[in-house]
Amino acid sequence: MSKERLIQEYQRVVATKRNGTHQTKLRYQQVMKCIVTDLAKTGPLPKHWGQVNDAYVHQLVGFWREQGNSDRTISNKLGVLRNVVQSIKGQRCNFAENKTFAKPSLHKSVTSLIELDVSRVNEPIILNVMEFEVHFGLTKMESLRLFNGIVLSEAHNALVISRCLAHNQKRRTIPILNEK
C-alpha cells in the first residue's frame with residue numbers, strides 16, 4: 001500500500017510540474033519508479049516523501065553501490081530524488097549533498113607537466129600557442145587571441161587574461177614562475 005502511495009504522490013508532482021520538457025518528466029518518472037523499487041528492497045518504506053531523510057538516502061546509496069552503479073549514476077538519481085522531494089515539501093530538502101555520499105579517493109591526483117616535443121613543430125606561431133596551452137593552461141582560442149594584447153602585471157610576475165580574451169569571460173591572473 002505504501003509503495004503505491006509513494007508512486008501516486010511522485011506522479012502527481014511530476015504531472016503538475018510546470019518546468020521541464022516532456023522527456024524530462026518521463027525520465028523523472030522512470031528514475032522515481034526505480035527509486036521506490038530500490039527503497040522497498042532496502043527496508044521499510046517511508047509513509048510519504050516528506051519522511052525521506054539521510055538514513056533512507058544512505059541505504060539507497062549503499063544498495064546502488066552493491067548493484068555496481070557508478071558515482072555519476074548515483075549522483076543523477078539523488079538529484080532527481082532531491083528535486084521531487086523539494087517539490088513535494090515546498091522547501092529545501094534536509095538530506096545531505098552528493099559529496100557526502102562519495103567514495104573516499106584511494107589516490108591523490110598528481111599534476112604532471114606535459115613534455116612538449118618541439119622538434120616536430122616548424123611554425124613559430126603554432127609552437128607559441130602550444131606552449132601557452134601547456135605551460136599556462138590556456139585554451140587554444142585564448143592562446144590565439146593573446147597575441148593581440150599580451151598584458152603583464154606591474155611586477156612582470158604574472159600574465160593577465162582580460163575578460164575579452166578569456167574563454168569564460170572572467171578576468172584571471174596566471175603567475176609566472178621562474179625556475180632559479
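The structure is a predicted model, in which local features require a pLDDT of at least 70 and side-chain atom pairs count only at pLDDT 80 or more, whereas totals for chains, interfaces and linings use all residues. Residues are numbered from 1 along each chain as its sequence is written, and side-chain values use heavy atoms, with hydrogens and water left out.

The chain contains six helices and two strands. Helices (H or I, at least four residues) and strands (E, at least two) are DSSP runs, numbered from the N terminus. Along the sequence, these elements follow the pattern α-α-α-α-α-α-β-β. Of the 180 residues of the chain, 28% are buried; buried denotes under 20% relative accessible area, exposed over 50%, and partly exposed the range in between (1.4 Å probe, protein chains only). Among the contacts in the chain with a separation of 6 or more, 39% involve residues 24 or more positions apart, a contact being defined by heavy atoms within 4.5 Å.

Helix α1 comprises residues 2-16. At 1.5 Å a residue, its 15 residues should span 21 Å, and the end C-alpha atoms are 21 Å apart, which agrees; the expected span is 1.5 Å times one less than the number of residues. The buried residues of α1 are Leu 6, Ile 7, Glu 9, Tyr 10, Val 13 and Val 14. Seen down the axis of α1, these buried residues fall within an arc of 165°, so they line one face of the helix. The arc is that of the directions from the helix axis to the C-beta atoms. Both α2 and α4 pack against the buried residues of α1. On the face turned away from the buried side of α1 lie the exposed residues Gln 8, Ala 15 and Thr 16.

Met 32 belongs to α2 (residues 22-42) and is buried, with a relative accessible area of 0%. Apart from residues up to four places away in sequence, Met 32 touches Tyr 10, Trp 49, Val 80, Leu 81 and Val 84. The C-alpha atoms of Met 32 and Val 14 are 9.9 Å apart in space, while the two residues are 18 residues apart in sequence. Ile 35 also lies in α2, and its relative accessible area of 0% likewise makes Ile 35 buried. With residues up to four places away in sequence not counted, Ile 35 touches Trp 49, Leu 60, Trp 64, Lys 77 and Leu 81. Ile 35 and Leu 81 are separated by 46 residues in sequence, and by 7.9 Å in space, C-alpha to C-alpha.

Helix α3 (residues 54-67) has 14 residues, which at 1.5 Å a residue should span 20 Å; the end C-alpha atoms are 20 Å apart, in agreement. Its buried residues are Tyr 56, Val 57, Leu 60, Val 61, Phe 63 and Trp 64. They cover an arc of only 165° around the axis, which puts them on the same side of α3. The elements covering these buried residues of α3 include α2 and α4 (71-89). After α3 comes Gly 68, which has a positive phi, near 90°.

Charged side chains were examined next. By the rule applied, there is one salt bridge, defined as a side-chain nitrogen of Lys or Arg within 4 Å of a carboxyl oxygen of Asp or Glu. The salt bridge joins the side chains of Arg 65 and Asp 71 (3.7 Å, N to O). Arg 65 is partly exposed at 28% relative accessibility, and Asp 71 is partly exposed at 38%. Lys 77, in helix α4, is buried yet has no salt bridge, and the nearest side chain of opposite charge, Asp 38, is 4.3 Å away. For charge, Lys and Arg count as positive and Asp and Glu as negative, while His and the chain ends are not counted. Lys 77 touches Val 31, Ile 35, Asp 38, Trp 64 and Asn 69, residues up to four places away in sequence not being counted.

Just after α5, Gly 137 adopts a positive phi of about 75°.

Strands β1 and β2 (residues 172-175) pair in the antiparallel sense over four bridges, where pairing requires at least two DSSP bridges between two strands. The bridge partner of Ala 158 in β2 is Pro 175. In a regular strand the side chains alternate between the two faces of the sheet. In β1 (residues 158-161), Ala 158 and Val 160 point one way and Leu 159 and Ile 161 the other way, and all are buried.
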